Amino acid sequence: ARGMAELTNAIQKFFLEHSRLGIPVMFHEECLHGHAAKDGTSFPQPIGLGATFNPALVEKLYAMTAHETRVRGGHQALTPVVDVARDARWGRVEETYGEDPYLTSRMAVSFVSAFEKSGIITTPKHFIANVGDGGRDSYPIHFNERLLDEIYFPPFKACIQEGGSRSVMTAYNSLDGVACSSNSWLLQQKLKGGWGFKGFVISDANAVGGEVVLHHTAKNYEEACRHAIGNGLDVIFQTDVHHYKLFISPFLNGEIDSNRINDAVSRVLRAKFELGLFEKPYVSLAEAAKWTNNESHKYLARLAAFESIV
């Protein structure tokens, strides 16, 4: 934990002192069933936590996870997965809380409340229904609005309106022929307009390029970028620093409305201000060192394992 805190502080120092505007960065982590880091406390997958039907225990587990994440320098959790698992052939069912939208919503609110109260941004995913037709991951879906409203939207809406999630991650799949990362009805009309979401929307890793290589709805990465940002995506999540070259030109040549860019930037900056990163960008190395192999955390993980057996 201390080593990770040292690394995040060093990276933060670089951006504060050597980037043009000196804006602090946010570090995101995976926290599906514990913080995915060396010596992080691991507990049952969400499908097991769903079997406990114990929201109070789930909130304790994720408050613990949030603390382990924060002391290491994390600011955003790329979780929870609140897809509703209605096809057992899908390979990511274990990441979900099961097939029921009510149970999923209750567990999801327990998750995001614990994190958001601890000062870490949550990112419910995948918006929407990443389980594609026939249980094939990331494949197209053709769900009507009633099905979405009754089954697939409720956990996301609960995360935002009850739990206070400040970010949402889009799905790899398409909805009625339009990639979820570029879907104006989904992102602008439903999420930001209808639900009043004030946070930022981030793509799944490399999902924007899916318009080119998966959905074939854009001729190149520049067009995919224009579709995504223009239709409500705020952050393009890539896995290599040099990937920005694929998407940068529409930002610079006027192809994307500057008001839309300003809106996206303001949503991210608001989150950074709310996190207090401009006043306190670094984490305590001494605090990080305290939380390695914590016995109370192990106890909670063991308790969750017992309760997940049904």
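Contact here means heavy atoms within 4.5 Å, and all the views below come from a predicted model.

View 1. Let's start with helix H5, which spans residues 145–152. Its buried residues are Leu-148, Ile-151 and Tyr-152. They sit on the same side of H5, because they cover an arc of only 100° around the axis. What do the buried residues of H5 pack against? Their partners are H4, helix H6 (154–163), strand E5 (174–175) and helix H7 (184–194).

**View 2. The cap at the N-terminal end of H5.** Move along to Asn-144, which caps this end of the helix. A side-chain oxygen of Asn-144 lies 3.3 Å from the backbone nitrogen of Arg-146.

**View 3. Arg-92 in its loop.** Here we look at the loop between strand E2 (76–77) and helix H4 (101–117), where Arg-92 is found. Is Arg-92 buried or exposed? Arg-92 counts as buried because its relative accessible area is 19%, and the cut-off for buried is under 20%. Its side chain makes a polar contact with the side chain of Glu-95, at 2.9 Å. Leaving aside residues up to four places away in sequence, Arg-92 touches His-126, Asn-130 and Asp-137.

View 4. Finally, have a look at Leu-7, Ile-11, Phe-14 and Phe-15, which make a nonpolar surface patch of about 350 Å². Phe-15 belongs to helix H1 (residues 2–18). With a relative accessibility of 32%, Phe-15 is classed as partly exposed.

Methods. Residues numbered from 1 in each chain as written. Predicted model: local features only at pLDDT ≥ 70, side-chain atom pairs only at ≥ 80, totals over all residues. Heavy atoms only, no water. Helix = DSSP H or I, 4+ residues; strand = E, 2+ residues; numbered from the N terminus. Buried < 20%, exposed > 50% of the residue type's maximum accessible area, 1.4 Å probe, protein only. Polar contact = N/O pair within 3.5 Å; in protein donor to acceptor, adjacent residues only side chain to side chain. Patch = residues over 30% accessible without salt bridge, like charges linked within 9 Å, V, L, I, M, F, W, Y side chains within 5 Å. Areas by Shrake-Rupley, 256 points an atom, 1.4 Å probe, with all protein chains shown as cover. Salt bridge = Lys/Arg side-chain N within 4 Å of Asp/Glu carboxyl O. Arc of directions from axis to C-beta.
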